[in-house]
Amino acid sequence: MSANEHADHLELTTLLQQAKPLMEPMFPDQRKKWVAESPLAQEISAILVKHPEYYDEITAHVGGIFPKPKS
């Protein structure tokens, strides 16, 4: 893992720790809206675009609410 990948992964871990408690009480339709509108979700999405290999980790933390990136 390169230094940039390591930094991105650390940032992703922090973002997921922030997102999980926010999303747990949400209904599925609320989660979809959150993914579309939340700055936090947008940061997670940006990392996912750069690192599609993190998709499984993201899904394990917050469920399959983020679209699977094209590898």
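## An exposed loop residue

E24 sits in the loop that links helix 1 to helix 2 (28-37). The model is predicted. E24 has a relative accessibility of 53%, so E24 counts as exposed, the cut-off being over 50%. L10 is 14 residues away from E24 along the chain. The C-alpha atoms of E24 and L10 are 22 Å apart.

## Helix 1 against helix 3

Two packed helices are described by the angle between their axes and by the distance between the axes. For helix 1 (residues 3-23) and helix 3 (residues 39-50), the angle is about 145 degrees. Their axes are 10 Å apart. The crossing is left-handed.

Which residues make the contact? Helix 1 supplies D8, E11, L12, L15, L16, Q18, A19 and L22. Helix 3 supplies L40, E43, I44, I47 and K50. By class, the residues of this contact are eight nonpolar, one polar and four charged.

## The nonpolar core

In soluble globular proteins, nonpolar side chains tend to be buried together. Here the largest nonpolar core has 17 residues. Which of them touch the most other members? They are L12, A19, W34, I44, I58, V62 and F66. Helix 1, helix 2, helix 3 and helix 4 (55-62) each give two or more residues to this core.

L12 belongs to this core and also to the contact between helix 1 and helix 3. Setting aside neighbours within four places in sequence, L12 is in contact with I44, I47, Y54 and I58. I44 and I58 are, like L12, among the core residues that touch the most other members.

## D8, a charged residue in helix 1

D8 is placed in helix 1. Is D8 buried or exposed? Its relative accessible area is 9%, so D8 is buried, the cut-off being under 20%.

The side chain of D8 meets that of H51 in a polar contact of 2.6 Å. Apart from neighbours within four places in sequence, D8 is in contact with I47, K50 and H51.

## K32 on helix 2

K32 lies in helix 2. Its relative accessibility is 63%, so K32 counts as exposed. E5 and K32 are 27 residues apart along the chain. Their C-alpha atoms are separated by 27 Å.

Terms used: Residues numbered from 1 in each chain as written. Predicted model: local features only at pLDDT ≥ 70, side-chain atom pairs only at ≥ 80, totals over all residues. Heavy atoms only, no water. Axes fitted to C-alpha atoms, helices over the stretch in contact; angles between N-to-C directions. Helix = DSSP H or I, 4+ residues; strand = E, 2+ residues; numbered from the N terminus. Left-handed = near helix turned anticlockwise from the far one by under 90°. Contact = heavy atoms within 4.5 Å. Nonpolar A, V, L, I, M, F, W, Y, C, P; charged D, E, K, R; others polar. Buried < 20%, exposed > 50% of the residue type's maximum accessible area, 1.4 Å probe, protein only. Core = buried A, V, L, I, M, F, W, Y, C linked by side-chain atoms within 4.5 Å. Polar contact = N/O pair within 3.5 Å; in protein donor to acceptor, adjacent residues only side chain to side chain.
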